Amino acid sequence: FDRRSYKRDCRNDLPLPDRVGLNGPLSLEVYRGEGYPEDQLLELEALRYLYLGDLQGMRRREAGAAESGLRVLVLTDYEPAVTQCQMAWLAEAAPLLPQKTSYTVKAHPNCPLKPGDYHDLPLQVTDSPLAGLLSECDVAYSSNITAAALDAYVAGVPVVSVLHGDSLNMSPLRGLSDVRFVTSPAELAESLLAGLAPQSSNGKKTNCFTIDVTVPRWLALLSNVANA
């Protein structure tokens, strides 16, 4: 809303909460940038993403490991048209990638895939938990809508996202300089190849979430509510 709407006075009839709980620095930055009153914001642990604490900063590739091939984790979309575009670009990019490249697909439940749908790609389609998949890939290739791209980014996996000209960029990672948004199969191949580089870390990542499995901020909030 217009930032003037956040003032609590007789000219403003917009319903407002007493506090807004936000799950980390990224959302805090957005609210502050839009002029939301600082004293009404609460930073809380990101409950959905606590599992990522065990994946952050882990070492993925030793020097020379590129010989074993490139491991691509494909995270598809809930929109069939977006998924079809994403997979078509991957099929075109595949000949430009190493012969030993493997493709693990975690499809959105609304848009299931079968390995036989794309005969030219050696796909492994899985419904395994994302945590295990993120620890066994070199790069994640996502649609520009799926929130799973955020999980991959926080886990330290390089993220490449398709950006088709017929749709808006709805990615939760939009605006982050270390996320690659590609507009053609050739750009996709180039960006996926970057995942072959040996990595002890993936560089400085934007701190998206507040992650602490002991959830002290939530406990303090609930304690205050209970004692009110």
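The buried residues of helix α5 (185-193) are Pro185, Leu188, Ala189, Ser191 and Leu192, where buried means under 20% relative accessible area, exposed over 50% and partly exposed in between, with a 1.4 Å probe and protein chains only. Among the elements that cover these residues are β3, α2 (80-93), β6, β7 (159-162) and β8 (180-182). Helices (H or I, at least four residues) and strands (E, at least two) are DSSP runs, numbered from the N terminus.

This is a predicted model, in which local features need pLDDT of at least 70 and side-chain atom pairs count only at pLDDT 80 or more, while totals for chains, interfaces and linings use all residues. Residues are numbered from 1 along each chain as its sequence is written, and side-chain values use heavy atoms, with hydrogens and water left out.

**The chain as a whole**

The chain has six helices and eight strands. From the N terminus on, their order is β-α-β-β-α-β-β-α-β-α-β-β-α-α. Of its 228 residues, 41% count as buried. Among the contacts (heavy atoms within 4.5 Å) with a separation of 6 or more, 63% are between residues 24 or more positions apart.

**Helices α2 and α5**

Two packed helices are described by the angle between their axes and the distance between the axes. For α2 and α5 the angle is about 70° and the axes are 8 Å apart. Axes are lines fitted to C-alpha atoms, for helices over the stretch in contact, and angles run from 0 to 180 degrees between N-to-C directions. The two helices α2 and α5 are therefore roughly perpendicular, a class that covers 65 to 115 degrees, with angles under 35 roughly parallel, over 145 roughly antiparallel and the rest oblique. Trp89, Leu90, Glu92 and Ala93 of α2 meet Pro185, Leu188, Ala189 and Leu192 of α5.

**Aromatic pairs**

The structure holds three aromatic pairs. Rings of Phe, Tyr and Trp (its six-membered ring) pair if their centres lie within 6.5 Å; planes under 30 degrees apart count as stacked, over 60 as edge-to-face and the rest as tilted. Two of the pairs are tabulated here.

| Pair | Centre to centre | Angle of planes | Class |
|---|---|---|---|
| Tyr31 and Tyr36 | 5.4 Å | 65° | edge-to-face |
| Tyr49 and Phe209 | 4.1 Å | 15° | stacked |

Tyr49 lies in the loop between β2 (41-43) and β3 (71-75) and Phe209 in the loop between α5 and α6 (216-227), so this pair ties together parts that are 160 residues apart in sequence. Tyr49 is buried at 7% relative accessible area, and Phe209 is buried at 8%. Tyr31 is partly exposed at 30%, whereas Tyr36 is buried at 8%. Ring pairs also link Tyr6 with Tyr31 and Tyr36 in a cluster.

**Two loop residues**

Val215 is in the loop between α5 and α6 and is buried at 16% relative accessible area. Most residues other than glycine have a negative phi. Val215 has a positive phi of about 40° although it is not a glycine.

Ala147 is in the loop between β6 (139-142) and α4 (148-154) and is partly exposed at 30%. Leaving out residues up to four places away in sequence, Ala147 touches Arg48 and Pro172.
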